[in-house]
Amino acid sequence: MPSIVPSIIAFAASIALALFGAPPTPTQSGGAGSIKGGSAATPSAKPNFVFIQAEAQGWSSTSVDMDGEPPSAARPSGLTPNLEAFAKEGTRFSDFYVTCPRCTPSRTSFVTGISPAKLHMTYQSEGSRKTADGDSPYKLMRMIPPTPDVDLPSGVKTTGGLLGDLGYTSAHFGKWHVGRKSPTELGFTECDGANSNQGPDRGTAPNPTQAVAITDRGIAFMREQVKAGKPFYLQISHYGFGAEEEATPESLATAKALVPGVSGKPMGAIAGANLVDAQVGRVLAAIAELGIADRTFVFYSADHGAQGAGGGGASGGGGGRQQANPPFVGAKGSVSEGGIRVPLIVRGPGVKADSVSHVRASGMDLVPTMLDLAGAPVKQPTTLSSIPAIEGGTLLPALKGGTEQVQRAFPDLVVHFPHYDLNNGGPATAIYRDQWKLVRNDDAGTVKLYDIGKDRAESTDLATANADLVAALVKQMDSYLDAVHAQRAVKNTDPAAGTGKPPERRGGQGGGQGGGQGGGQGGGQRGGRGGQGGGKGGGKSKQDGVDQ
């Protein structure tokens, strides 16, 4: 993206003033609207942005009703009370999708506005995976997945850099997992490292310590910027929860009281949702105390769906109809709804309150939305293959209650995941148009069509009865993949192809399902993959993004 010239910055300020008015000057007394600890500079006219990101949290993993059509929350009211209140103050999106069902590619889109297909960051370190004898782990599979890039291409800016061009100070705290470079090397002013699943201390279970610590850092950052009168972007990205011990005793007790009869990793995730919710409440309370709610937009989402016993679901052909993300099938690692449909809740000045938007939105829409709100709307690229150009579109009309489709460079939303993962049935791509969802599975050689508006569980394949539509959507899908030069899985010509099982993603040499000796209950989820950090350390896999 070209650098922002002074005239654009002035234009941004005028737009912000028109939208939000001149914010009140904070006082020195205690209570809402005050700043403690010294005098404040004149507040900036630009709006602030806070993005709180959960890890592996499905569309129904909280107690927020995401679409007003029960059952759209798997958890009882009270599990995430701060998110419930937050949703009443803003707009929640019933049809919000991440760009990939895995951490790195999804998170990459959230901070660049570009799809992982275009960036070639559809997974991580695929090429380094080997069997015990040094052979390819895919020699017996029908398809050979591509080797993805592990870092952002040259010229791509993150939210920190893009808003930095507009005079913003930015910070990222928590799980980064967008390649190996630190956020401060990619445009952010402050960060706590290029952290992966284990956190800055490289332990097997960063929570509950880090859930509180990254929130502390975020609140301190907001106080500093408000005191200095600077507009800011703050991203707090939470780590996942793999065991009951990774939540606080208070959150665990609340979760067990509300969801009896569950234990182990599933209870760890439920209690973790309550703990993350408590941190959301702390951030919102700090915003109120600082007197900046009238000029601060807060976004809440997750990187992909919750984990489950097989991600294949209806579209993969390998995972079964497990219900990790009810009412959807599929889970993390799958292009089924359970793997890629997650919460998005937005609150801020001018955002329609207590509202459900049915506009289909994507993780790559957050960056252009923030730039639009900051007064520097993104110009859609004329050539999709242009790497620095942002693909996503602004959600501002939807936030004001509009129902029109998001205007992106490519009209139909495509989710491309050309990899084997967590029993997902093999490399697959999905494309959405209106109420339709088409899924092509390269391993199975199938093309399935669902009326996602009526059949959100993807239970009925309508491809045979809609042959013309299927042909049009397949053509459109391939047109997009060609336009962005997407990497694809290729057919395996080995005579034994199709006789094996996908390589195990968790454990392996010395790691195992438990993450290796000393990995404990949390080791299996975040343990080292194979010999790459499994061993005695369990969760100590390499910091280069191999752990997921």
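Trainee: Which residue lies over the face of Trp 59?

Mentor: Quick housekeeping: this is a predicted model, where local features need pLDDT of at least 70, side-chain atom pairs count only at pLDDT 80 or more, and totals for chains, interfaces and linings use all residues. Residues are numbered from 1 along each chain as its sequence is written, and side-chain values use heavy atoms, with hydrogens and water left out. A charge counts as over a ring if NZ of Lys or CZ of Arg is within 6 Å of the ring centre and within 35 degrees of the ring normal. Here the distance to the ring centre is 5.2 Å, and the residue is Arg 341.

Trainee: And how is the pair of Trp 59 and Phe 328 classed?

Mentor: Rings of Phe, Tyr and Trp (its six-membered ring) pair if their centres lie within 6.5 Å; planes under 30 degrees apart count as stacked, over 60 as edge-to-face and the rest as tilted. The centres of Trp 59 and Phe 328 are 4.8 Å apart and the planes stand at 50 degrees, so the pair is tilted.

Trainee: How many residues apart are those two in the chain?

Mentor: Helices (H or I, at least four residues) and strands (E, at least two) are DSSP runs, numbered from the N terminus. Trp 59 sits in the loop between E1 and helix H2 (81-89), while Phe 328 is in the loop between helix H9 (313-316) and helix H10 (337-340). The pair thus links distant parts of the chain, 269 residues apart.

Trainee: Is Ala 56 buried or exposed?

Mentor: Ala 56 is in that loop between E1 and H2, and has a positive phi of about 50 degrees although it is not a glycine. Buried means under 20% relative accessible area, exposed over 50%, partly exposed in between (1.4 Å probe, protein chains only). At 17%, Ala 56 is buried.

Trainee: In E8, what is the bridge partner of Val 50?

Mentor: Strand E1 (residues 48-54) and strand E8 (residues 296-302) pair in the parallel sense over 7 bridges. Within E8, the partner of Val 50 is Val 298.

Technical notes
Two strands pair if DSSP finds at least two bridges between them.
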